[in-house]
Amino acid sequence: MKYFIANWKANKNLDEANQWIEKYLSLPVTDQQYIVIICPPYPLLYPLKEKIKNRKNIYLGSQDLSIFEAGTYTGEVTAKSLSGLIDYSIIGHSERRKYFNESEESLFQKVHLAKKYNIKPIYCVRDENDKIPNLVQIVAYEPVYAIGSGSNEPVERVLEMKQKIHFPNESFFLYGGSVNKDNARTYLESPQIDGFLIGGTSLNPIEFHKIIVAA
Ligand code: PGA
């Protein structure tokens with residue numbers, strides 16, 4: 001089973017999300033075993049859920065969730081409020097660590113809350129210095145220099161890093177960082193890489209679909 005995760009980051013409004021999903025759903029389904037997870041901004045989750053409800057293999061994820069379970073935290077989006085709406089959540093993306101100073105302790109708390117509310121964490125690490133909490137079943141390795149730069153990390157280096165990070169047994173190992181249709185296949189030829197976390201290229205449904213087809 002291979003994962004193709006679209007991380008839209010802080011992009012798209014309702015019209016654009018609708019256009020994306022309508023286009024994506026019109027593209028041919030390949031017969032291989034794979035899971036697509038779309039991670040849009042929070043307000044677009046529900047409208048997308050309506051559009052994908054009868055489709056197999058497509059799931060929704062959030063790009064983050066609150067460290068608080070509930071209470072007087074204006075503006076926070078909690079795991080509880082997301083439960084039932086999403087199946088996955090990205091946790092610990094390097095942009096959140098950098099721009100929002102997310103500490104390892106807070107990320108571990110987010111994983112705990114995600115699990116409590118039946119949301120599967122997609123836990124991001126930048127290198128071997130980022131610890132991975134127990135119970136995480138999907139780990140995305142994303143070297144910071146490769147994100148959004150057009151410079152993807154060669155597959156050999158990705159596999160070396162897989163050895164170095166304390167990667168939980170029986171978990172899925174994803175790569176992220178400038179993945180596109182031209183470089184995707186080199187990774188998935190390795191049985192050790194279970195899919196991708198895709199930023200820029202996922203904003204265009206045709207380009208995103210080409211990655212799945214290439215793989
Ligand atoms: P990128 O982003 O595909 O644009 O490099 C990946 C990510 O940040 O998850």
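**Note on a predicted barrel model with ligand**

1. Strand β3 (residues 58–62) pairs with strand β4 (residues 88–91) in the parallel sense, over two bridges. Pairing requires that DSSP finds at least two bridges between the strands. Helices (H or I, at least four residues) and strands (E, at least two) are DSSP runs, numbered from the N terminus. Ser62 has Ser89 in β4 as its bridge partner.

2. This is a predicted model: local features need pLDDT of at least 70, side-chain atom pairs count only at pLDDT 80 or more, and totals for chains, interfaces and linings use all residues. Residues are numbered from 1 along each chain as its sequence is written, and side-chain values use heavy atoms, without hydrogens and water.

3. Eight strands form a closed barrel with parallel pairing, in the order β1-β2-β3-β4-β5-β6-β7-β8. Neighbouring strands of this sheet are turned by 25° against each other on average, direction ignored. Axes are lines fitted to C-alpha atoms, for helices over the stretch in contact; angles run from 0 to 180 degrees between N-to-C directions.

4. Helix α8 (residues 205–214) lies across β1 (2–7), β2 (34–39) and β8 (195–198). Its direction is about 165° to β1. Contact means heavy atoms within 4.5 Å.

5. The ligand is surrounded by 13 residues (a heavy atom within 4 Å). The closest are Lys9, His93, Glu142, Gly148 and Ser178. Polar contacts (N or O pairs within 3.5 Å) include the His93 side chain, 2.7 Å from a ligand oxygen. A backbone N or O atom of Gly199 lies 2.8 Å from a ligand oxygen. The protein covers 96% of the 280 Å² of accessible area that the ligand has on its own (Shrake-Rupley, 1.4 Å probe).

Technical notes
A polar contact is a pair of N or O atoms within 3.5 Å; within protein, one must be able to donate a hydrogen and the other to accept it, and residues adjacent in sequence count only if both atoms are side-chain atoms.
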